[in-house]
Amino acid sequence: MLESKGSVLVIAGLFFFALAFVSNALVPAMMYKDLPEKTAEQLVTANLRYQFEDLARRFPASFEKHMGKPPEDAAAREKWLNEKCAESLRIGRKVYVGEACWHCHSQFVRPVSNESRRWGPVSESWEYQNELQRPVMFGTRRVGPDLSREGGRRSNDWQAAHLFKPTLLSDGSVMPEYPWFFEGAPDKPNLRGLALMTYLQWLGSWLESYPYYEEYTASSLPADAAPSEVAAAGDAPAAGEAAAPANPAEPAADGGAAEPANPDAAADTEKKEASNAQPTDAELEAAKVAIPGTKPAPPPTGDPQPAESQPSPTESKATENTNPPIDPAPESETPQASTPPAAVEGDERPPAPALPEALFRTASLLMQAI
Amino acid sequence: MSAQTLQPQVVDTDKLVDRKLVLYFYLASLTFLFVSMLGGFLMALQLIRHNPFSGIELFSPGRWRMIHTNAVAYGFLANGLLGSMFWAVPRLTLRPVLSSHLSWFIFIAWQAVVLATAGGILFGQAQGLEWGETPTWIDPVALLGLALVVVNFLPPILMTPGPLYVTLWYFMAALVWTFLTYAMGNFMPEYFVTGSAAGAVGGLFIHDLVGLFVTPIGWGLMYYFVPILLKKPIWSHGLSLVGFWGLAFFYPLQGIHHFLYTPIPMFLQYGAVISTIAVELVVATVIINFFGTLRGSGSAFITNLPIRWFYTGMVFYFLTCLQCAFQTTLTFQAIIHFTDWVVGHAHLVMFGVFGLWIQGVMTYLMPRLLGHEWYSRKLCEWHFWLSSISLFAMAVDLIAGGLVQGTVWRALLPWEVSIDASMPFWVVRVFTGIGMFAGQIVFYVNIYRTWQLGLRPAPAAAPTSTELPAVVAAT
Ligand code: HEM
């Protein structure tokens, strides 16, 4: 009987498959049946709208060229912005999928492995109940960090410069560069670039704790000389007025160690910053000189690790619109990016097991050997 | 089986098989493997910061990573398995497939689907579904192609009187499963469900693609070729039954183990974990069965090349499943999910098991398809050793790398630390990749030379395969 065609076809082929389909696919589908699925239009929150308008302010020419001109009338303008924003989300998602960002970045924070301390609240089902998660973007591999709480964590300038050439902002990054989202310079994103940035800013914009920052611990170590990328960026055509790397005066943040500084903890964090990390005026001056296209400025005494970009065309713009209107997290320009591993000196740092460090040391020795 | 041995008239099995078609499937398979490896290299080089084509849109490493996996699944494995089925099914059932025109149409259509997939991905049209990156507009065409495959292969199998031989159970079930899996995986998460539920379907899809398409056809081929080559029946028919029915029942239940700790309901995750461990036991019985078959002819492992490919693949299969039994537990998942451990696992199973089996079958069939003995046995040896050793080194390297990555992440060290810590493993990966690639080059040279020899006007009598399926059926 077990060797007969009928049983192989019907029992194994159809019945067992159906059984698995029901239990593994239909059951979850039924369980979430009552969670409404949001459309892209419904995903446009104030947080996201703020970021979208911020794109328009920071990249006015590009925005107008690719998105069009918003109507003058206030109500019409509101509607227009919402529509454009939703449309950008869709296009941005398509780009995100087409470039396989999801093969290097996950979009879910697991309840294990300290992930909620690194990235923020553990992911929940309702967060995925929307049009942009069809098919869901859980991801397959984390070469880069999880992005499900990326929105609001970096400025649009940072995102633009980073997508244009990740090594500008993250020393030795293995992320590919995407100059084809730009028209030759990081301050000239094309439609795909603008849409992708909207999409990135959307990730996590639905959370109360948005924008979610990792706690930031200042580096107490003098870092090595100004990164060569500064010079390299100068070669990029037209990168002159806008461009890339950063404000060297901003101290590098600790990319991973420590506690979530959600809004409640923000005050705390701020104090710490103030005590040991505020850039001095002199450093800020030095930073302004370090615009690519001119000679890189001598490294300021702080930490020259380019951690946060300030590529906005004018200084005033960069400063005027950094805080999302509805979430006055004071440290929203706080750099979050790359730190040399050695910079993890903060007192809040959870006791790291000795094993990984040893492993890492072995690994880096090995690497030097290679 | 007895039905086949009792077949009254003698059928010339060589006439049943369209050798040219099988050969073409194999050549397509090897071509896509070549392309796929180039894609793998591009991503691997990107990860060690040596991407030679940085900043060129059509060489976007992400896109090539998707081409890498899709070319492996739909180009290399699917073509290799289909070609082998076009050899095995007619010989086993003593009947031709439904239509040879249809067979050729399937061949051409399938290559068109794979090429369109690659092209679509290359131009940024990918669908956001792992292993299903085929752009959405190609999906219905691909499904139609799969339906034609079913229509072509089922008639000879269904016309065989009496109970079927093991291979045909696997083939028959796989034909149905593949069609259903493809339909489910490509349409449901795209059009019908969203969010976590789509994740569950996606997990089921990637899992079923390996477990209900590649695995059963692969094992079916093993049940066909191993007895032929060893000239004796499979050790235990009972274990064959356990293996098939165990796989059929437990395998499809595990999809969600790809997404542990996601918002997918926890009881479903536990279910997937338990059935995963159950299937490892089933796998053990299959492996025991095959090693039981080998017992007494152990020297074939050394002297007989295809047997060596097959059994090495089975050893890797055992290792993969052992690894899987670990990685499916929530304890291990916490560390290894999203790391290179999984990538190591994927290479071990895709190339180490099914890749080796297909190449073993090719090693056996190529002389029969090209009408001449292998040009060089030595090159065959090189092909084997380069492929298997490099693959094994790559898998070990990536699995170890995954453990390091997972531990660094958990320790909340800055992200860059995990990159730096991975670097040595990524460098080793490139070199092992070069080894695998070199194995393929050797293989191509050997095939080309053999083909040239086969073209000569009056060579020594071309080897005709003398084994009749009766040998197999004698179980
Ligand atoms: C030249 C040799 C090869 C190289 C250099 C290579 C490299 C790579 C790279 C870099 C990735 C991406 C890993 C990541 O995202 O971190 C990958 C993924 C993958 N490769 Fe390969 N590969 C090679 C050969 C193969 C072969 C022959 C197969 C199968 C027959 C294969 C199957 C896979 C699979 C299934 C994945 C997806 C892993 C996952 O998503 O978990 N590769 N490979």
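**A guided reading of chains A and B**

A:Pro135 is found in the loop of chain A that runs between helix α5 (115–118) and helix α6 (156–164). Helices here are DSSP runs of H or I with at least four residues, strands are DSSP runs of E with at least two, and both are numbered from the N terminus. The structure is a predicted model, in which local features need pLDDT of at least 70 and side-chain atom pairs count only at pLDDT 80 or more, whereas totals for chains, interfaces and linings use all residues. Residues are numbered from 1 along each chain as its sequence is written, chains are lettered from A and ligands numbered from 1 in the order in which they are written, and side-chain values use heavy atoms, with hydrogens and water left out.

The peptide bond that leads from A:Arg134 into A:Pro135 is cis, and its omega is near -10°. A:Ser148 lies in the loop between α5 and α6 of chain A as well. With a relative accessible area of 3%, A:Ser148 is buried; the term buried means under 20% relative accessible area, exposed means over 50%, and partly exposed lies in between, for a 1.4 Å probe and protein chains only. Which residues surround A:Ser148, leaving aside its neighbours within four places in sequence? A:Ser148 is in contact with A:Ser106, A:Gln107, A:Phe108, A:Val109, A:Ser123, A:Leu203, A:Gly204 and A:Trp206, where contact means heavy atoms within 4.5 Å. The side chain of A:Ser148 also makes a polar contact of 2.4 Å with the side chain of A:Asp146. A polar contact is a pair of N or O atoms within 3.5 Å; within protein, one atom must be able to donate a hydrogen and the other to accept it, and residues adjacent in sequence count only if both atoms are side-chain atoms. From C-alpha to C-alpha, A:Ser148 and A:Met137 are 9.5 Å apart in space, and they are 11 residues apart in sequence.

Chain A as a whole contains 12 helices and 0 strands. Of its 370 residues, 56% count as buried. Among the contacts in chain A with a separation of 6 or more, 80% are accounted for by residues 24 or more positions apart.

One helix pair of chain A joins α2 (residues 46–58) and α7 (residues 191–202), which pack at an angle of about 150° with their axes 9 Å apart. Axes are lines fitted to C-alpha atoms, for helices over the stretch in contact, and angles run from 0 to 180 degrees between N-to-C directions. The two helices α2(A) and α7(A) are therefore roughly antiparallel to each other. Angles under 35 degrees count as roughly parallel, those over 145 as roughly antiparallel, those from 65 to 115 as roughly perpendicular, and the rest as oblique. The crossing of α2(A) and α7(A) is right-handed; a crossing has this hand if the near helix is turned clockwise from the far one by less than a right angle, and is left-handed if anticlockwise. From α2(A), the residues A:Leu48, A:Gln51, A:Phe52 and A:Leu55 meet A:Leu194, A:Met197, A:Thr198, A:Gln201 and A:Trp202 of α7(A). The residues of this contact divide into 6 nonpolar, 3 polar and no charged. In this division Ala, Val, Leu, Ile, Met, Phe, Trp, Tyr, Cys and Pro count as nonpolar, Asp, Glu, Lys and Arg as charged, and the others, Gly among them, as polar.

In chain B, helix α3 (residues 19–47) packs with helix α4 (residues 61–93) at an angle of about 160°, and their axes are 7 Å apart. That makes α3(B) roughly antiparallel to α4(B). The crossing of α3(B) and α4(B) is left-handed. By class, this contact has 20 nonpolar, 11 polar and 2 charged residues.

B:Gln111 belongs to helix α5 (residues 100–122) of chain B. Its relative accessibility is 10%, so B:Gln111 counts as buried. Not counting residues up to four places away in sequence, B:Gln111 touches B:Phe25, B:Ala28, B:Phe32 and B:Asn79. The side chains of B:Gln111 and B:Asn79 are joined by a polar contact of 2.9 Å.

Two loop residues of chain B have positive phi values. B:Lys231, in the loop between α8 (195–230) and α9 (237–250), has phi near 55° and is not a glycine. B:Tyr261, in the loop between α9 and α10 (266–294), has a positive phi of about 70°. B:Lys231 is exposed at 64% relative accessible area, whereas B:Tyr261 is buried at 14%.
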